[in-house]
Amino acid sequence: MAAVTEIFARSAPDEKYLPWIGAATETAYSIYLPVLGYPPVPVTEDYALRIAAGEVFIFGNGKSNCGLVVIETHDSWLEIFIIVVLPEFQGSATGRAILGWVEDRAAQSGKPEVRLYTNALMERNFEIYRRAGYVETGRRPNPKRPQLTIVDMAEPVESSSSSHEGTLA
């Protein structure tokens with residue numbers, strides 16, 4: 001596990017990052033392939049569209065990329081579509097730092113809540129989010145795969161706190 005003392009976000013990376021985003025997402029979600037029997041939706045997502053919309057943020061520690069998040073902006077909340085922490089950075093508080101960055105971004109933009117969702121079969125994700133303070137707000141059929149259940153989660157955020165945004169070295 002690589003130690004992460006501070007992470008930085010690069011907003012709106014360009015399409016040259018698509019291969020890295022694809023590889024990072026595939027690696028992070030590979031543990032769920034045996035559980036689901038097929039790649040989870042984030043593995044098959046078109047990230048070029050997300051980059052063009054300014055929704056993708058890549059995180060690094062000054063030496064290498066360590067994760068990413070895709071954020072959708074709604075009227076009264078931010079929604080995390082995907083958060084990825086590379087395996088070598090898992091357990092180093094990188095995921096918590098990325099969640100904190102998203103929460104700060106929500107607070108600074110006047111959004112009182114951060115929402116996310118995960119597949120009910122992805123119990124590890126559910127526990128990670130629960131430990132980070134997110135609470136389950138409901139369950140619903142997956143619109144792309146109705147045989148599966150989505151767990152909706154949310155965390156309220158305090159207005160305006162310090163930002164973690166910066167650039168990658």
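Leaving aside neighbours within four places in sequence, E103 is in contact (heavy atoms within 4.5 Å) with R96, V114, Y134, E155 and V157. The model is predicted, so local features need pLDDT of at least 70 and side-chain atom pairs count only at pLDDT 80 or more, while totals for chains, interfaces and linings use all residues. Residues are numbered from 1 along each chain as its sequence is written, and side-chain values use heavy atoms, with hydrogens and water left out.

**E103**
- E103 sits in helix α5; helices are DSSP runs of H or I with at least four residues, strands are E runs of at least two, and both are numbered from the N terminus.
- E103 counts as buried because its relative accessibility is 10%, and buried means under 20% relative accessible area with a 1.4 Å probe, protein chains only.

**Largest pocket**
- The volume of the largest pocket is about 480 Å³.
- A pocket is an open set of points on a 1 Å grid over the protein atoms alone, where a 1.4 Å probe fits, with protein on both sides within 12 Å along at least five of seven lines; lining residues have an atom within 4 Å of a point.
- Its lining has 21 residues, with V85, Q90, G95, R124 and I128 nearest the centre.
- α6 gives the most to this lining, 5 residues.

**Second largest pocket**
- The second largest pocket has a volume of about 350 Å³.
- Of the 23 residues lining the second largest pocket, V41, P42, Y117, N142 and I150 lie nearest its centre.
- α3 (41–44), β4, β5 (113–119) and α6 each supply at least two residues of this lining.

Technical notes. Points joined across faces, edges and corners; volume = space filled by probe spheres on them. Buried < 20%, exposed > 50% of the residue type's maximum accessible area, 1.4 Å probe, protein only.
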